[in-house]
Amino acid sequence: MWLLPILLLLSLPGCFSIQGPESVRGPEKGSLTVHCHYNPGWETYVKWWCRGRKWDSCETLIRTTKSEQKVIKNRVSLTDNQRDRLITVTMKELRQDDQDTYWCGIQKSGTDLGARIQVIIDPEGTVVTSLENLLSRTNVNSHRVFSSGANIRTHYILLVFVKVPILLILVGAILWLKGPPRVPEEQWEQPIYTNLSSDLTTDTVP
């Protein structure tokens with residue numbers, strides 16, 4: 001039973017031979033670009049871009065030849081970078097009715113190879129957060145978190161190695177300046193004087 005999903009997967013057009021994004025989107029009156037990668041061995045084959053939900057009845061909008069690596073037709077251009085094995089399709093002046101299912105593919109004997117791609121057109125004026133903006137925000141937030149962590153770490157380092165020793169030195173200096181409690185001179189000189197007076201009195205008495 002586990003062979004059935006594998007067989008179904010392998011039966012899909014272009015399975016593992018050509019890959020593209022699941023979906024792409026672009027703004028109305030703007031443009032979008034699709035990149036499809038293919039495996040080694042298909043460099044010199046004809047590449048095409050077609051429109052239609054069904055694989056066997058899609059309408060081919062543009063195709064290359066063995067000698068042409070870049071073609072332009074109407075609002076669509078297709079470039080085949082044979083060195084990097086990369087198909088690049090660009091659609092310009094997008095309209096709402098351009099939204100549909102498309103395929104980028106390779107023509108060969110028998111069944112062609114292809115990758116299914118859903119094209120989404122955002123209405124004019126729609127604000128869409130791009131991947132670049134998300135990455136930029138992520139980098140900024142990461143930088144802020146890193147800076148905050150670095151500041152906290154620096155604070156603790158200063159606290160342990162600078163502030164605490166200085167505080168201990170100050171406390172020690174204050175204690176040293178105070179010194180042990182001293183007895184006033186009058187308190188320890190008076191008993192000695194009293195003893196001397198008593199001794200002299202005793203000596204003079206017959």
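How does Asp97 count in terms of relative accessibility: buried, partly exposed or exposed? In this predicted model, Asp97 has a relative accessibility of 48% and counts as partly exposed, because the limit for exposed is over 50%. The side chain of Asp97 forms a salt bridge with that of Arg95, at 3.5 Å from N to O. Arg95 likewise counts as partly exposed, at 42% relative accessibility.

Another of them joins the side chains of Asp98 and Arg75, at 3.0 Å from N to O. Asp98 sits in the loop between strand 8 (86-91) and strand 9 (100-106), and Arg75 in the loop between strand 6 (70-73) and strand 7 (76-81), so the contact ties together parts that are 23 residues apart in sequence. Asp98 counts as buried, with 3% relative accessibility, whereas Arg75 is partly exposed at 21%.

Five strands make up an open sheet in the order 2-10-9-4-5, with mixed pairing. Its edges are strand 2 (23-27) and strand 5 (59-63), each of which pairs on one side only. On average, neighbouring strands of this sheet are turned by 30 degrees against each other, direction ignored. At one end of the order, strand 4 (residues 47-51) pairs with strand 5 in the antiparallel sense over four bridges, and Arg51 has Glu59 of strand 5 as its bridge partner.

A salt bridge of 2.6 Å, N to O, brings together the side chains of Arg25 and Asp122. Arg25 belongs to strand 2 and Asp122 to strand 10 (residues 113-122), and the two residues are 97 residues apart. Here Arg25 is partly exposed at 47% relative accessibility, while Asp122 is buried at 8%.

Note on methods: Residues are numbered from 1 along each chain as its sequence is written. This is a predicted model: local features need pLDDT of at least 70, side-chain atom pairs count only at pLDDT 80 or more; totals for chains, interfaces and linings use all residues. Side-chain values use heavy atoms; hydrogens and water are left out. Two strands pair if DSSP finds at least two bridges between them. Axes are lines fitted to C-alpha atoms, for helices over the stretch in contact, and angles run from 0 to 180 degrees between N-to-C directions. A salt bridge is a side-chain nitrogen of Lys or Arg within 4 Å of a carboxyl oxygen of Asp or Glu. Buried means under 20% relative accessible area, exposed over 50%, partly exposed in between (1.4 Å probe, protein chains only).
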